[in-house]
Amino acid sequence: MSPHPDHTIAPVLRDIQAARTLQGIQEIRNRLPSLMNNSLAAGISVHELTGFLSDVADAVLKRLMAWSLRELGPAPVGFAFMLMGSLCRKEMTLNGDQDNAIVYEDVPHELQQSVNAYFLKLGKTVCALLDESGYPLCKGDFMARNPEWCQPLSAWNDYYVQWIQGVDPESQVHFGMFFDFRVAYGEKALADELRARLFRVLGDSRGFLYHLLKIAQQYDVPLGRLGKFKVSKMGRVRDLLDVKSAVEPIVFIVRVLAYQHGIESIHTLGRLEALGEQGILEAHTCRSVIQAYSLLVALRLKNQIDRDNAAIPENFISLSDLTPDDRFLLKEALRTIKGLQGRVCQ
């Protein structure tokens, strides 16, 4: 009988909660590739595995937050440490980096400077500890240590109005980074209020989502017109296929459709299920996209786990390493993505 993922994750979470040092957390995280490898071999679904990795990252963050608050003292007002990106959606792979932010309660003007200084210090402390624990800093600096992303609720409300109603050349970046969020530590009510505001503004600005669907046409799925795989021609990734670039249009398009139709789920597979249940996408389309998504994420995980392929960047795969059956399934997955792209991005 295959092990249930709960039997795998429970001891890991207990060990994280009991960890007293960064070295202890690092040692626990070093066990993850082996656990993932065994779980994949046992037939545990990709959805469960990425959820497992996300739960581990959540537990690490809570442990580090407890240490940081003990060092800095209690927060002056209520706040939420929010997660963005794949970790927010519980779609974490082994080598995911940080995407986070802080939202805190509004305070009188005379207190703003001191309150902001506290939360910015908290953000810098936690992000540094996460980096040392094996969760690398975001290259784009979309983190709570950045003053731009450590702000009171009113400022975050203004951000969303500006991004949605204004002509913002960075709309794709902001949509991809900040429109999916959940609270990992702190007051969930702040994020709930922010999400309600976001949906209200979107409801009055349908052109924004239409614009994003047009952007989705620009995603280059690595499959040519004649059904030939498109591999990189550049440097160390020459002749390799970028799996992440194939996953991105699924996540992006499904997110746009979810916001367009008021679906509040933040998980890609949950959104697909809701789109199918509401008849926005045909059931067979949703099933095909779910299968394509699961295959591509599984290929990423396998590459991250396989230490023999350490020379291959984590988001790329070598087609020569795939069996004929795997190459066939990959080609079908890419065809499914191009079909989804053509269907909703007209």
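Start by selecting helix α4, residues 46-72: this helix gives the most to the lining of the largest cavity, with 3 residues. Helices here are DSSP runs of H or I, at least four residues, strands are runs of E, at least two, and both are numbered from the N terminus. The model is predicted, so local features need pLDDT of at least 70 and side-chain atom pairs pLDDT 80 or more, while totals for chains, interfaces and linings use all residues. Residues are numbered from 1 along each chain as its sequence is written, and side-chain values use heavy atoms, without hydrogens and water.

**Stop 1: the cavities**

Rolling a probe the size of a water molecule over the atoms shows where empty space is left. On a 1 Å grid over the protein atoms alone, a cavity is a set of points where a 1.4 Å probe fits but cannot get out; a pocket is an open set with protein on both sides within 12 Å along at least five of seven lines; lining residues have an atom within 4 Å of a point. Grid points are joined across faces, edges and corners, and a volume is the space filled by probe spheres set on the points.

How many cavities of 30 Å³ or more are there? The count is 4. The largest cavity holds about 100 Å³ of space. Select its lining, including Ala57, Asp58, Leu61 and Tyr135. By class, this lining has 6 nonpolar, 2 polar and 3 charged residues. Nonpolar covers Ala, Val, Leu, Ile, Met, Phe, Trp, Tyr, Cys and Pro; charged covers Asp, Glu, Lys and Arg; the others, Gly among them, are polar.

Now find the second largest cavity, of about 50 Å³. Among its lining residues are His47, Arg89, Lys90 and Tyr293.

**Stop 2**

Most residues other than glycine have a negative phi. Lys90 is partly exposed, at 23% relative accessibility. Buried means under 20% relative accessible area, exposed over 50%, partly exposed in between (1.4 Å probe, protein chains only).

Next, select Thr93, in the loop between α5 and β2. Thr93 is buried, at 6%. Its side chain and that of Gln304 are joined by a polar contact of 3.3 Å. Such a contact is a pair of N or O atoms within 3.5 Å; within protein, one must be able to donate a hydrogen and the other to accept it, and residues adjacent in sequence count only if both atoms are side-chain atoms.

**Stop 3: the largest pocket**

This pocket has a volume of about 1100 Å³. Of its 34 lining residues, Ser86, Asp97, Asp99, Lys244 and Glu248 are the closest to its centre. Which helix gives the largest share of the lining? That is α11, with 6 residues.

Select α11 (243-260). Of its 18 residues, 15 are buried. At its start, a side-chain oxygen of Asp242 reaches to within 3.1 Å of the backbone nitrogen of Lys244. Just after α11, Gly262 takes a positive phi of about 70°.

**Stop 4: the cysteines**

How many disulfides does the structure hold? There are 0, a disulfide being a pair of cysteine sulfur atoms within 2.5 Å. For Cys88, the nearest cysteine sulfur is that of Cys138, 14 Å away. Cys88 is buried, at 0%.
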